[in-house]
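This report covers a two-chain model, beginning with the interface and moving on to selected side chains.

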Amino acid sequence: MVMQTRQYIKLTIVLVAAVIIAFIARSVIVGHPVISLEPAPALTGSVAQSFSIGDSKTLPVYGTDFTLKNAHYFENKQWVVVMVNSVKHDFDPGVLVMKKVNGAYQAVLGPGSQFSDSYRVTLPNSVSRYLGESGYLHG
Amino acid sequence: MDNTGSRSTLRLIAVLISAVILAWCVYLIVSAVITSKTTGILVVKSVQPKASISISQPGHGAQFIGVDNATVRLKPGVYNLATYVNGKETVTTANIKKGQTTNATLDVERSFTIPSVDDVEFQNFNFILNSGISSEQMSGLKLDFFRYKPSAKVIAVDSGSIAQQPHNPDSTDPFRLDFRVSVDGKILKAEASYAGITDISLKLTDQGSGKVVLSTN
């Protein structure tokens with residue numbers, strides 16, 4: 001009986017060692033955290049990234065924190081204007097103007113509901129015309 | 001006999017548990033090898049400190065991956081990298097390939113920004129306001145200067161140069177103010193013509209060459 005108990009203790013030690021070795025081996029082989037992104041509607045990721053501030057470690061989540069609608073693309077999809085709504089009412093709904101920079105969309109204006117009329121000078125005509133006609137530019 | 005039977009059962013359970021644990025260990029290692037062979041490594045750094053780094057993909061959500069720098073494994077594909085610091089966001093893309101390491105750097109000083117008239121520092125414009133134009137005309141005048149150089153940092157009126165031009169009270173001609181102005185250090189001659197409380201136009205002439213550089217008539 002004592003003999004058998006010792007055998008079980010040895011077996012337990014071997015199994016624990018095997019698990020520890022497996023975890024260490026996995027950690028060495030993979031080396032770094034594996035990131036997998038959840039499927040989401042177009043522009044969701046770029047909009048969420050534009051809400052990251054300073055050393056914040058969290059990003060807003062589509063459906064939980066914000067929703068998007070009325071995406072309008074301009075200038076061969078180099079520019080996009082999209083309406084951003086807050087699910088938890090953390091911020092006022094407004095439009096976000098994004099431009100493709102280095103292959104990715106970057107937020108360049110907003111989100112907001114009123115922008116300076118001077119953006120007519122610096123935004124492409126198609127974008128400023130849309131913002132003006134939608135009532136987002138004021139003098 | 002009963003004792004021998006229970007020992008055999010115990011041994012069988014121990015063997016089964018051992019087999020499951022060992023199989024799980026093998027799975028951990030095999031899946032790690034498969035992951036390392038089917039993914040690539042992204043090494044991303046921010047030039048500015050305290051910068052939150054995130055990644056996203058078209059048709060996918062975004063995820064925070066680190067502050068200042070990050071090293072992660074990703075499935076092959078093109079990813080959008082972004083950082084936001086000091087009120088500026090900058091983005092770039094990284095193409096992740098199987099078994100390869102891709103390096104990327106994010107620098108918000110290279111961020112794309114759209115200039116606004118609100119970004120310009122207008123100096124001594126109050127002297128023009130005191131010369132009789134309305135605040136609405138002043139906004140129009142600033143917008144005209146912004147039209148001339150949207151990237152201007154400082155536009156300064158030479159307050160001593162402001163001269164109201166003669167105006168016949170019986171005519172409907174606009175009033176005119178002449179003054180010198182410095183646009184980021186470049187000296188220009190300005191002629192502001194205004195009528196009523198909203199109409200205003202600006203003509204800018206290069207002081208050196210005498211060439212008209214802006215006329216909003």
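## Interface between chains A and B

In this predicted model, 52 residues of chain A are in contact with 58 residues of chain B, contact meaning heavy atoms within 4.5 Å. About 4,700 Å² is buried between the two chains, and carbon and sulfur atoms give 66% of that area. Buried area is the accessible area (1.4 Å probe) that two parts lose on being put together, summed over both. A:Ile35, A:Leu37 and A:Gln49 supply 15% of the area that chain A buries against chain B, more than any other three residues.

No salt bridges are counted between chain A and chain B; the criterion is a side-chain nitrogen of Lys or Arg within 4 Å of a carboxyl oxygen of Asp or Glu. There are 20 residue pairs in polar contact between the chains, both residues at pLDDT 80 or more. A polar contact is a pair of N or O atoms within 3.5 Å; within protein, one must be able to donate a hydrogen and the other to accept it, and residues adjacent in sequence count only if both atoms are side-chain atoms.

## The chain A side

The elements of chain A that give two or more residues to the side touching chain B are helices H1 (2-30), H2 (44-50) and H3 (119-122) and strands S3 (94-101) and S4 (104-112). Helices (H or I, at least four residues) and strands (E, at least two) are DSSP runs, numbered from the N terminus. H1(A) gives the most, with 12 residues. By class, this side of chain A has 30 nonpolar, 17 polar and five charged residues. Ala, Val, Leu, Ile, Met, Phe, Trp, Tyr, Cys and Pro count as nonpolar, Asp, Glu, Lys and Arg as charged, and the others, Gly among them, as polar.

One polar contact joins the side chain of B:Ser31 to the side chain of A:Arg26, at 2.7 Å. B:Ser31 lies in helix H1 (residues 2-38) of chain B. With a relative accessible area of 13%, B:Ser31 is buried (buried is under 20% relative accessible area, exposed over 50%, partly exposed in between; 1.4 Å probe, protein chains only).

Helix H4 (residues 125-133) of chain A has the buried residues A:Ser126, A:Val127, A:Ser128, A:Tyr130 and A:Leu131. These pack against strands S1 (66-74), S2 (79-86), S3 and S6 (137-138) and helix H3 of chain A. Just after H4(A), A:Gly135 has a positive phi of about 80 degrees.

Over all chains, 10 aromatic pairs are counted. Rings of Phe, Tyr and Trp (its six-membered ring) pair if their centres lie within 6.5 Å; planes under 30 degrees apart count as stacked, over 60 as edge-to-face and the rest as tilted. A:Phe74 and A:Tyr130 form a tilted pair, 5.4 Å centre to centre with 45 degrees between the planes. A:Phe74 is in strand S1 and A:Tyr130 in helix H4 of chain A, so the pair ties together parts 56 residues apart in sequence. The rings of A:Trp79 and B:Phe112 have centres 6.2 Å apart and planes at 75 degrees, so this pair is edge-to-face. A:Trp79 is buried at 7% relative accessibility, whereas B:Phe112 is partly exposed at 29%.

## Conventions

Residues are numbered from 1 along each chain as its sequence is written, and chains are lettered from A and ligands numbered from 1 in the order in which they are written. Local features need pLDDT of at least 70, side-chain atom pairs count only at pLDDT 80 or more, and totals for chains, interfaces and linings use all residues, while side-chain values use heavy atoms, with hydrogens and water left out.
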